[in-house]
Amino acid sequence: MNIEEYPKLPYPREMVREADGSYFISIKELPGCMSSGDTQEEALKMIEDAMRAWITAALEEGKPIPLPDATDNEEYSGKFVLRIPKSLHRSLARKAKEEQVSLNQYATYLLSENNAKRAGHTSHFRANGS
């Protein structure tokens, strides 16, 4: 595989909104491959440059380039069924109504926030590498 082929692979990008409003972005399969931007779009563009530089350096040094985890043929639909107590369902539905969002949007927000906190970030956004 050459430098032109690697960036076309579906490397997931992990993007975090920083306290100052900028966006930090990285590719976990490529340790140290990271960048940032003032907007999500800018961060996504900057990570492409960082990825090319990372891959070029690895090729020049004869180091192996990890393939994206997405090549494991596992598909994720973005949907899953979750059974919860009725009282929790009611509480979440009320809070979603109070926030003027759907229950699905509110649950996604809560899951994302908790996942980001566990990862040590304040906000989390994941963009697919395609």
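Contact means heavy atoms within 4.5 Å. This is a predicted model, in which local features need pLDDT of at least 70 and side-chain atom pairs count only at pLDDT 80 or more, while totals for chains, interfaces and linings use all residues. Residues are numbered from 1 along each chain as its sequence is written, and side-chain values use heavy atoms, with hydrogens and water left out.

**Figure 1. Overall arrangement of the protein.** Among contacts between residues at least 6 apart in sequence, 43% join residues at least 24 apart. The protein contains three helices and four strands, taken as DSSP runs (helices H or I, at least four residues; strands E, at least two) numbered from the N terminus. Their order from the N terminus is β-β-β-α-α-α-β. Of the 130 residues, 26% are buried (buried means under 20% relative accessible area, exposed over 50%, partly exposed in between; 1.4 Å probe, protein chains only).

**Figure 2. The largest nonpolar core.** This core has 17 residues, a nonpolar core being a set of buried Ala, Val, Leu, Ile, Met, Phe, Trp, Tyr and Cys residues joined through side-chain atoms within 4.5 Å. Strand 2 (23-26) and helix 1 (40-60) are the elements that give two or more residues to the core, and its largest share, seven residues, comes from helix 1. Tyr11, Ile27, Leu30, Cys33, Met51, Trp54 and Ile65 have the most contacts inside this core. Leaving aside neighbours within four places in sequence, Ile27 touches Tyr11, Pro12, Arg13, Cys33, Ile47 and Met51.

**Figure 3. Surroundings of Ile25.** Ile25 belongs to strand 2 and is buried, with a relative accessible area of 0%. Apart from neighbours within four places in sequence, the residues in contact with Ile25 include Arg13, Met15, Cys33, Ala43, Leu44 and Ile47. Ile25 and Gln40 lie 15 residues apart in sequence, with a C-alpha to C-alpha separation of 8.9 Å.

**Figure 4. The crossing of helix 2 and helix 3.** The axes of helix 2 (residues 86-99) and helix 3 (residues 103-118) come within 9 Å and cross at roughly 100°, which makes helix 2 roughly perpendicular to helix 3. Here axes are lines fitted to C-alpha atoms, for helices over the stretch in contact, and angles run from 0 to 180 degrees between N-to-C directions; under 35 degrees counts as roughly parallel, over 145 as roughly antiparallel, 65 to 115 as roughly perpendicular and the rest as oblique. His89, Leu92, Ala93, Lys95, Ala96 and Glu99 of helix 2 meet Leu103, Tyr106 and Leu110 of helix 3.

**Figure 5. Gln100 between the helices.** Gln100 is found in the loop between helix 2 and helix 3 and is exposed, with a relative accessible area of 74%. Phi of Gln100 is near 60°, a positive value in a residue other than glycine.
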